[in-house]
There are 4 protein chains.
Amino acid sequence: MTERLGVWFVGARGSVAVTSTVGALALRTGMAGQTGLVSMLPEVAAARLPDVAGIVVAGHDVSDEPLGKRAESLAHAGVLPGHLLAAVRPELEEAEARLRPGAGHGSETQRAAATRLEQDIRHFREANGLRHVVVVDVSSTEPPLVGSDPRLADSEALDAALDRGEGPLPTSSLYAYAAFRAGCPLVAFTPSPGPTVPALAELARERGVPWAGCDGKTGETLVKSVLAPMFATRALKVRSWASYNLLGGGDGRTLADPTAAASKLSSKGEGLEAILGHPVDGPLHIDYVPDLGDWKTAWDHVSFEGFLGVRMSLQFTWAGCDSALAAPLVLDLVRLLARAHETGRTGPVPELAFFFKAPSGSGEHRLSEQWQMLTALAAEMGAAA
Amino acid sequence: MTERLGVWFVGARGSVAVTSTVGALALRTGMAGQTGLVSMLPEVAAARLPDVAGIVVAGHDVSDEPLGKRAESLAHAGVLPGHLLAAVRPELEEAEARLRPGAGHGSETQRAAATRLEQDIRHFREANGLRHVVVVDVSSTEPPLVGSDPRLADSEALDAALDRGEGPLPTSSLYAYAAFRAGCPLVAFTPSPGPTVPALAELARERGVPWAGCDGKTGETLVKSVLAPMFATRALKVRSWASYNLLGGGDGRTLADPTAAASKLSSKGEGLEAILGHPVDGPLHIDYVPDLGDWKTAWDHVSFEGFLGVRMSLQFTWAGCDSALAAPLVLDLVRLLARAHETGRTGPVPELAFFFKAPSGSGEHRLSEQWQMLTALAAEMGAAA
Amino acid sequence: MTERLGVWFVGARGSVAVTSTVGALALRTGMAGQTGLVSMLPEVAAARLPDVAGIVVAGHDVSDEPLGKRAESLAHAGVLPGHLLAAVRPELEEAEARLRPGAGHGSETQRAAATRLEQDIRHFREANGLRHVVVVDVSSTEPPLVGSDPRLADSEALDAALDRGEGPLPTSSLYAYAAFRAGCPLVAFTPSPGPTVPALAELARERGVPWAGCDGKTGETLVKSVLAPMFATRALKVRSWASYNLLGGGDGRTLADPTAAASKLSSKGEGLEAILGHPVDGPLHIDYVPDLGDWKTAWDHVSFEGFLGVRMSLQFTWAGCDSALAAPLVLDLVRLLARAHETGRTGPVPELAFFFKAPSGSGEHRLSEQWQMLTALAAEMGAAA
Amino acid sequence: MTERLGVWFVGARGSVAVTSTVGALALRTGMAGQTGLVSMLPEVAAARLPDVAGIVVAGHDVSDEPLGKRAESLAHAGVLPGHLLAAVRPELEEAEARLRPGAGHGSETQRAAATRLEQDIRHFREANGLRHVVVVDVSSTEPPLVGSDPRLADSEALDAALDRGEGPLPTSSLYAYAAFRAGCPLVAFTPSPGPTVPALAELARERGVPWAGCDGKTGETLVKSVLAPMFATRALKVRSWASYNLLGGGDGRTLADPTAAASKLSSKGEGLEAILGHPVDGPLHIDYVPDLGDWKTAWDHVSFEGFLGVRMSLQFTWAGCDSALAAPLVLDLVRLLARAHETGRTGPVPELAFFFKAPSGSGEHRLSEQWQMLTALAAEMGAAA
């Protein structure tokens with residue numbers, strides 16, 4: 001019998017969550033192939049991961065737009081195949097019934113909200129007889145934290161502040177708090193602060209849960225993470241690297257706000273310098289073009305110098321569908337974190353750097369090295385009880 | 001005192017050889033930087049390689065255009081900095097005096113030619129008191145061998161044929177024969193048959209010399225060798241990969257001949273299937289555009305499929321200077337093969353796959369894995385006597 | 001009351017014809033917008049063209065795949081919107097009933113085939129009470145004619161040959177023969193010989209019918225026809241222009257045959273030299289990549305020289321849907337030729353050069369000048385009775 | 001005998017002025033070809049323009065870096081051929097001797113500065129026996145004017161303000177004031193306010209001098225001005241148009257300041273909406289990448305819709321050398337304005353829109369139509385006395 005695995009989405013009605021949900025249902029019915037699923041490659045499957053067909057979806061969202069309607073929009077935009085959507089509609093209705101209102105906009109205190117969110121998750125786990133529930137944050141990007149707040153410095157200070165009725169947590173971290181208190185692993189698929197706040201990192205260890213982040217590496221940054229090592233190992237000197245990103249959809253709209261974009265720009269930018277070993281000149285823009293919908297086009301221009309100072313260039317254009325790139329990685333991470341939990345890992349899992357722009361617990365940005373870390377983890381977990 | 005290392009170029013008056021020669025002279029005077037030189041990276045330098053400043057250049061060519069004139073053309077085309085050329089002109093004249101007429105177009109038998117070529121190399125080594133001379137083939141690309149000639153099947157059959165006054169060897173293999181007979185390591189920087197003919201591979205082992213090839217991986221294929229693994233480890237399905245190469249210069253002219261281009265197309269094409277694990281549809285063209293001179297522009301278009309069948313694309317344009325990309329790799333290979341010879345390696349050196357489109361002795365085409373093989377070799381040689 | 005206008009497609013089951021057919025039906029129901037329809041722009045509509053809502057479709061094809069099935073494939077490929085297809089399905093069934101078997105593969109003589117084709121067209125016109133029927137060739141590309149056949153030199157010689165039971169006509173010209181004999185204007189939307197054979201050009205004048213061709217200018221050549229004049233009027237010297245075309249679909253498959261591709265390569269190539277006033281170096285390839293389906297990606301690289309010999313470059317990538325680009329032009333041409341017929345034009349109509357890669361009767365390839373010719377024609381026809 | 005024509009550069013030591021100066025000298029010696037010179041095309045030369053070989057250069061600049069040194073930097077960067085620079089060095093020294101200190105940074109009043117600048121220009125004209133001196137502003141871009149200053153509203157108010165010792169003029173307009181007072185035509189090659197201030201436009205008419213502007217159309221905007229009409233006349237709906245510009249050099253540094261860039265962004269942006277007839281979504285960035293020096297790379301991505309709502313895209317990359325593109329246009333404009341002056345034109349010359357991003361006196365942005373306006377002007381001037 002297939003053991004069932006719960007996924008609790010924060011932002012359950014967003015494009016990535018809906019694509020992941022429909023994809024998981026389609027995988028269960030055998031209508032979807034394994035393309036894009038890293039966890040199906042033999043080197044990763046070696047970890048003895050929970051079956052993808054056993055995934056049960058639920059989650060929080062502040063919106064109340066029906067899952068079915070969102071899924072139709074995605075089908076209309078070419079992200080989801082129409083026939084597949086028709087086939088999983090009953091199961092999608094069931095998932096709809098499991099969604100609960102999110103937090104962050106009401107009058108409740110953060111303590112009250114945290115308790116409510118935690119209970120929602122616990123109730124989902126018990127009602128469905130799930131051994132693991134992995135929480136996945138795919139909600140809108142929040143700005144980075146500015147300055148340091150002593151109330152976020154450790155777990156005890158945080159609890160005291162919450163008990164006093166204060167609300168020091170960014171919303172993404174409030175969800176992380178609820179997840180860890182419910183004993184659930186967490187995937188921080190956005191660049192929001194979430195579990196990276198010191199008090200929460202401490203809480204994860206106290207509760208013995210693993211987590212992974214931050215910010216899914218799905219497109220232009222993915223390409224950078226193989227091109228930059230090429231220049232480095234060939235001793236070619238990168239003189240400038242310009243990165244332009246055009247995107248529509250909800251993510252584009254959020255990132256049109258410069259304070260929210262700051263998180264994303266920071267996570268996108270950090271890899272290049274880490275790989276090349278020196279700062280690199282050049283602009284990095286994210287522009288919102290509503291017309292593009294869920295599609296993303298990125299253009300990068302790299303100017304580099306070769307032997308005897310000769311100047312050369314490489315440019316690439318990536319035209320991808322954000323949700324279609326992100327959704328299988330979300331399912332991969334859910335399976336991997338559930339297994340990591342099972343084998344006793346706690347805190348950030350650096351071996352999952354392969355999936356992230358700003359890998360928590362690791363300074364490794366080169367995709368190939370990240371792949372080796374991932375397959376080593378899989379082998380280790382495969383050998384565990 | 002710096003130990004001196006000889007380089008014997010086959011095609012000594014071509015763009016790659018002249019750029020390598022001027023570059024080596026500039027490195028000796030301290031006027032050139034280390035950009036593009038892989039052997040200067042600490043992970044490779046760990047092999048304890050002969051000093052780049054000790055390199056002495058000589059070689060064969062069928063042309064008699066003076067080195068100085070070729071160098072001026074390259075300076076005019078922006079491949080060589082003018083001031084640098086002025087600074088090394090006396091040493092360039094000395095190198096000119098060491099060049100000897102090539103083979104392949106006269107009335108001499110292959111036996112006579114082989115003996116003459118071998119003596120030229122031996123004389124160079126002795127006259128200059130060199131411990132090692134590495135022969136580097138950077139001459140025009142020859143067509144691939146068609147069918148199998150029993151005279152090329154083993155070393156003995158080959159010698160017998162040469163003794164009978166026959167000429168079964170492709171010109172590139174004739175040079176390889178002379179090199180091995182002179183006890184010299186060989187770099188096959190072109191896709192010509194050269195040392196890959198069975199009789200010569202056997203000869204190399206008999207004479208105890210190492211060699212490396214084939215076909216320097218300098219541009220579009222280099223980029224492919226990092227992008228293809230990205231698709232593979234992300235479980236994205238490459239549906240088609242179109243590769244277009246525009247190049248001018250002597251190499252372009254040679255490759256405008258379809259029989260010569262066959263070698264290059266074959267070496268360029270083999271990596272993709274090896275990395276992705278399945279044949280990939282899509283055209284692969286090399287077009288001669290005289291206007292581009294020593295510059296090369298390649299455009300690749302990759303159509304791939306992600307989760308739930310969504311189609312996406314990646315395209316890149318590489319605008320590079322062929323000689324500036326090739327020359328430092330030539331110097332790297334000379335240093336590495338000299339050291340490999342010293343540490344007792346014979347036959348093809350698979351750990352040098354990093355430098356080649358069609359690596360002899362290795363089926364590994366992924367750049368990152370090739371880099372690890374290279375650094376492991378460097379560590380091993382560094383630890384040798 | 002809207003006057004009804006007949007369109008007779010040669011290749012009625014191909015992608016372009018089916019897209020045109022569904023588009024015409026959708027325009028009639030008001031479900032389609034005017035995007036892409038040049039004849040709806042005020043400067044062209046000034047010609048007092050027959051109403052697009054009055055278009056009735058029929059045609060020949062050698063295939064018997066149902067229109068509805070082809071339309072579904074196009075909807076699946078994103079060329080036709082699914083909801084629109086559903087709405088016009090009854091009318092599509094009616095069109096299906098009007099299709100007749102094509103010619104070229106049977107045992108009938110060309111005389112017999114010509115008579116049959118002509119009668120099909122005449123019957124369609126009468127049965128539907130149509131004032132005009134415009135024949136549109138959108139069938140597979142044929143190779144260019146090689147050498148000159150005296151039987152194709154004039155109308156009389158051709159008839160004599162047909163009467164003798166011979167078959168000197170390329171299939172595309174056989175259809176043109178039938179069209180002209182039926183008194184119908186013709187659009188040669190492919191580069192096949194069609195009406196350009198001397199005997200047929202003469203026949204068109206004898207029968208008093210206008211025609212337009214050849215080879216619809218829908219994509220990469222369209223872009224060239226605005227970029228090349230830019231270089232010319234800015235006195236910038238184009239040194240090389242490389243053109244690469246990737247396409248799937250039926251057209252791609254046909255063009256994968258080098259003899260058929262010769263027609264297309266010739267019509268694609270002629271404009272550049274005409275505009276720039278000198279031959280231009282550089283490859284021109286059309287490559288069949290089945291994976292791309294009805295989509296076409298072209299990459300052009302232009303190397304040019306500016307003041308004092310400085311080298312610069314422009315490159316562009318065009319990603320278009322062939323049928324979606326061609327279909328509205330087909331409808332435009334049908335309306336324009338019907339009106340031209342009405343106003344007494346016969347023979348090739350050079351003012352329709354705007355629509356073609358190899359404009360019959362005109363040496364003008366610059367899009368802007370072609371636009372002025374077109375709008376002048378529209379004004380002239382608008383002023384006619 | 002060749003009649004001599006004076007050019008007075010504002011910003012005489014900048015890249016564009018130095019390239020123009022060296023180019024003019026090289027044309028005089030016959031060492032430079034006519035590539036890039038629009039005024040040498042027969043349709044424009046028909047205007048009977050003053051001989052390019054008779055051009056004498058002088059000008060103002062606030063910098064005192066020697067012309068020769070700037071020219072060497074440009075030669076090093078590949079903008080000027082080294083051998084050509086060597087050949088014109090004596091004449092360059094003569095030009096150096098004619099340069100005078102610019103205005104805008106000292107303690108003198110604007111009245112005093114204006115008088116000084118005017119006298120410099122008058123003295124140049126007389127000392128060299130020149131019939132015409134055309135002033136060309138190629139200095140750093142200034143921010144646009146904000147609000148309206150009554151002192152700039154008319155010529156009288158302006159003079160009164162200057163007489164009171166006030167300084168209401170932007171620096172570019174101060175130069176325009178001096179030019180017009182000296183009776184000289186003016187080319188506003190930058191987007192700075194210059195002659196567009198109402199008081200100055202009035203002054204030009206009072207003094208009977210023609211002028212042309214603003215902001216030379218040299219690269220990405222040039223390409224837009226042929227692509228946008230293509231979409232318009234093909235009835236294709238442009239949904240978004242993203243424009244990214246990477247540039248180094250002095251111009252890049254100036255434009256890295258957002259207030260200065262505002263002028264440029266405004267002149268770059270206005271054409272698209274004018275041509276397409278509706279606002280177009282999409283970002284427009286200019287980014288300073290010092291590494292690129294005098295070279296400019298622009299990438300544009302156009303998303304458009306065709307028949308039945310199908311989405312397609314066009315993207316282009318322009319890699320150009322700013323000064324090499326601008327310099328010949330500067331020489332063209334000098335010749336055309338001198339002739340326009342001679343034939344009695346005053347005020348802005350709309351027929352010179354061909355050369356500018358924000359054409360003064362004209363709303364026409366389509367290159368082809370601008371070309372026709374230009375050639376009509378040339379024909380008219382050719383027929384004048």
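Start by selecting A:Arg345 and A:Glu351: their side chains meet in a salt bridge, 2.8 Å from N to O (a side-chain nitrogen of Lys or Arg within 4 Å of a carboxyl oxygen of Asp or Glu). Both A:Arg345 and A:Glu351 are buried, where buried means under 20% relative accessible area, exposed over 50% and partly exposed in between, with a 1.4 Å probe and protein chains only.

A quick word on what you have loaded. This is a predicted model, in which local features need pLDDT of at least 70 and side-chain atom pairs count only at pLDDT 80 or more, while totals for chains, interfaces and linings use all residues. Residues are numbered from 1 along each chain as its sequence is written, chains are lettered from A and ligands numbered from 1 in the order in which they are written, and side-chain values use heavy atoms, with hydrogens and water left out.

Color by pLDDT, the predictor's confidence in each residue from 0 to 100. Chain A has a mean of 94, and 99% of its residues reach 70 or more. The model's scores are ipTM 0.96 and pTM 0.95.

Now show chains D and A together. Here 21 residues of chain D are in contact with 21 residues of chain A (contact is heavy atoms within 4.5 Å). The two chains bury about 1700 Å² between them, 56% of it on carbon and sulfur atoms; that is accessible area (1.4 Å probe) lost on being put together, summed over both. Pick D:Tyr244, D:Asp291 and D:Trp299 next: in chain D they lose the most area to chain A, together 32% of what that side buries.

How many salt bridges cross the interface of chain D and chain A? The rule finds four. For a salt bridge between these chains, zoom in on D:Arg239 and A:Asp291, whose side chains meet at 2.5 Å, N to O. Over all chains, the structure holds 96 salt bridges, and B:Asp322 with B:Lys296 is another to click on, at 3.0 Å, N to O.

Next, the nonpolar cores, sets of buried Ala, Val, Leu, Ile, Met, Phe, Trp, Tyr and Cys residues joined through side-chain atoms within 4.5 Å. The largest has 177 residues, and C:Leu352 and D:Leu352 have the most contacts inside it. Select D:Leu352 and you'll find that it touches D:Leu333, D:Leu336 and D:Leu374, among others, not counting residues up to four places away in sequence.

Last stop: chain A can be laid on chain B with an RMSD of 0.0 Å by a turn of 180 degrees and a shift of 0.0 Å along the axis, superposed by least squares on the C-alpha atoms of residues with pLDDT of at least 70 in both. That is the relation of a two-fold axis. Finish on A:Phe316, which comes closest to the rotation axis of the residues of chain A, at 2.0 Å (C-alpha).
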